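Work through the exercises below with the sequence and the model open beside you.

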Amino acid sequence: MSKVAKFLQYGVASDLAQRAVTAGLTVTSTRAISQKSLIDTYGFSQAEAKFLKQALMRTEIPADTLFRLLDNSNYVCSMCKGNKGVAYVVHHIEEYEISQDNSYANLIVLCPNDHDLAHHSSGLTLGITKDQLKASKNKWEATVEQTNKDAALRAVQTGKNGITSIELLPQLMKKYKNFMRKDLTSVAFVQSLERCYIEITTTKNICHGLDDEISMRTDLGFIIKGGPEDQKLFNPDKQATDNARYFLDQFDVVSIINCTDIFTPEASMRIDAHWRKHGALLEDH
């Protein structure tokens, strides 16, 4: 972990953390230095020095929570989406001094400007309420997830033979982390001018330094939409990205186990049993 990230774990703004690191400070050394020394020797303002000393008395935000939060917000403010500046701070929605809550649900990425507004919200003061923070966080994270998903789908490979291949494994692992087989190295949506396939690839070590890679394709042409006319659900006349997005977002777990082998046998049995007993889809928790 970088020295800047260590400061971020205590709710120090990214620009202030960078200044501290540039000045040769670490979290440990900053704790040991007096406020007066931070002001006189390192050039911090009185407010900055006081904040640093107070912030570093907190329990640090777990690293995995911090980086998941930053990744899910694209490292920008969930309120202004980076329009007020590139600096950011991890803010506690319910004040840390009261809650001591470093859980993901209680954290949001804000710019310094909106961070100040969040700390000065009351019935008589124009600021940002806790409900507004929660709503904006949820909306912005959903936007970031969809934007990143669309960007990943646009990163397609089209060969000279007109066959398009779109890698889906990272997004499937995120969506179905408890259902997916662990031996998969690739799950790709493959589309030619006439066919749509799911291609799964596994790699098995057969001796020192030698791996055996096996790829298998499942033709999705047999999957038909319901209705007066039999139409292919995955139609090669459509854009490959649209078909891949449908597989990721709309193709349910029962359909997946009936058409592919990307889930473990145990997960497939649980999904099937749940469907037969309850007539409902089993969620991946």
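A nonpolar core is a set of buried Ala, Val, Leu, Ile, Met, Phe, Trp, Tyr and Cys residues joined through side-chain atoms within 4.5 Å, where buried means under 20% relative accessible area, exposed over 50%, and partly exposed in between (1.4 Å probe, protein chains only). The model is predicted, so local features need pLDDT of at least 70 and side-chain atom pairs count only at pLDDT 80 or more, while totals for chains, interfaces and linings use all residues. Residues are numbered from 1 along each chain as its sequence is written, and side-chain values use heavy atoms, with hydrogens and water left out.

**Exercise 1.** Determine how many residues the largest nonpolar core has and which elements supply at least two residues of this core.

*Solution.* Step one is the count: the largest nonpolar core has 38 residues, and Phe7, Val12, Phe44, Leu70, Val90, Leu110 and Leu133 are those with the most contacts inside it. Step two assigns elements, taking helices (H or I, at least four residues) and strands (E, at least two) as DSSP runs numbered from the N terminus. At least two residues of this core come from each of helix H1 (3-8), helix H2 (14-22), H5, H6, S1 and strand S2 (107-110). Step three looks at Val12, which, leaving aside its neighbours within four places in sequence, is in contact (heavy atoms within 4.5 Å) with partners including Phe7, Phe51, Leu56 and Val89. A second, separate core of 33 residues includes Leu153, Ile198, Ala244 and Leu248.

**Exercise 2.** Locate the two residues of the salt bridge between Arg245 and Asp242, and classify their accessibility.

*Solution.* The N to O distance is 3.3 Å, and both residues lie in helix H11 (residues 240-249), three residues apart, about one turn of the helix. Arg245 is partly exposed at 24% relative accessibility, and Asp242 is partly exposed at 40%.

Definitions and conventions: A salt bridge is a side-chain nitrogen of Lys or Arg within 4 Å of a carboxyl oxygen of Asp or Glu.
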